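This briefing concerns the sheet of the structure shown below and the elements that surround it. Please read it with the structure at hand.

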Amino acid sequence: LRFDLAQFELAAAMLPQLPPSSDAEIVFSGRSNVGKSSLINKLCNRKALARVSNTPGKTATINFYQLPGAHLVDLPGYGYAKVSQGEKRRWANLIEGYFESGRRIALVIQLIDMRHPPTADDLGMLQYLAHSDFRFIVALTKSDKLKPMQRKKRMEEIEQELSMIEGVAYVPFSSLNGEGAAEVRDWISKAVEE
Ligand code: GTP
Ligand code: MG
């Protein structure tokens, strides 16, 4: 897949704005601020394809990026405390609606901050994916922030924390130093080809 040719396609704030489902879609899901937009930029070797911000809740729409033969889909981050109930409801409906609308979803990349135990929302999302027919992998983000000993400890803990989803692949990932980027690109290419 030509990640270097990625282009912004559109931002959908409501379900009717979703583009027609055509090429395979690769979906990036995770809580607000976990690093979804940064991961997309890293995969595509671009600084500002997807907007990154220190302010959580930046991506409030479903953002589509077009590659030849595939779309990358940046979901709004869930779990951000400081947005209104109404806005949270809107995001939840948008995300649920997206997954349930029968699109060609080839792979879901669920992002979890490697430093912390998964949140209740993360676990809910993982349960949902495990019970769905979607193929998915877990990207453990911000791996650069852990020292070797902490990292070893977290890897062991994560295995326990995510033990209810069997056989899923975990990829430590850093948008800072590029760890895991090649592996995630491989998962995506494989999923799109099949
Ligand atoms: P929303 O759009 O709010 O859902 O957030 P997001 O998941 O798209 O996160 P985003 O990529 O905007 O990153 C949030 C913050 O984390 C930014 O300050 C990034 O620079 C930082 N960040 C993301 N990935 C990494 C990483 O791998 N390592 C480090 N050190 N910082 C990261
Ligand atoms: Mg984002």
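Seven strands build an open sheet in the order 1-3-4-2-5-6-7, and their pairing is mixed, where two strands count as paired if DSSP finds at least two bridges between them. The edges are formed by strand 1 (7–12) and strand 7 (170–172), each of which pairs on one side only, and the twist from one strand to the next averages 25°. This is a predicted model, in which local features need pLDDT of at least 70, side-chain atom pairs count only at pLDDT 80 or more, and totals for chains, interfaces and linings use all residues. Residues are numbered from 1 along each chain as its sequence is written, while chains are lettered from A and ligands numbered from 1 in the order in which they are written. Helices (H or I, at least four residues) and strands (E, at least two) are DSSP runs, numbered from the N terminus.

**Strand 5 and its partners**

- Strand 5 is largely enclosed by the rest of the structure, because eight of its nine residues are buried; a residue is buried if 20 or more other C-beta atoms, placed from the backbone, lie within 10 Å of its own, exposed if 12 or fewer do, and partly exposed in between.
- Strand 2 and strand 5 run parallel and are joined by five bridges, with I105 of strand 5 as the bridge partner of E25.
- Six bridges link strand 5 to strand 6, again in the parallel sense, and Q110 stands opposite V138 of strand 6.
- A right-handed β-α-β unit is made by strand 5, helix 3 (residues 120–131) and strand 6; right-handed here says that, with the strands pointing away from the viewer, the path from the first strand over the helix to the second runs clockwise.

- Strand 6 and strand 7 run parallel and are joined by three bridges, and A139 has V171 in strand 7 as its bridge partner.

**Helix 1 against the sheet**

- Helix 1 (residues 36–43) is mostly covered, with seven of its eight residues buried, namely K36, S37, S38, L39, I40, K42 and L43.
- These buried residues pack against strand 2 (24–29), strand 3 (62–67), strand 4 (70–74), strand 5 (105–113), strand 6 (136–141) and helix 5 (181–193), contact being counted where C-beta atoms, placed from the backbone, lie within 7 Å.
- Helix 1 lies across strands 2, 3, 4, 5 and 6 and runs at about 150° to strand 4; axes are lines fitted to C-alpha atoms, for helices over the stretch in contact, and angles run from 0 to 180 degrees between N-to-C directions.
- After helix 1 comes N45, whose phi is positive, near 55°.

Notes: Two residues are in contact if their C-beta atoms, placed from the backbone, lie within 7 Å.
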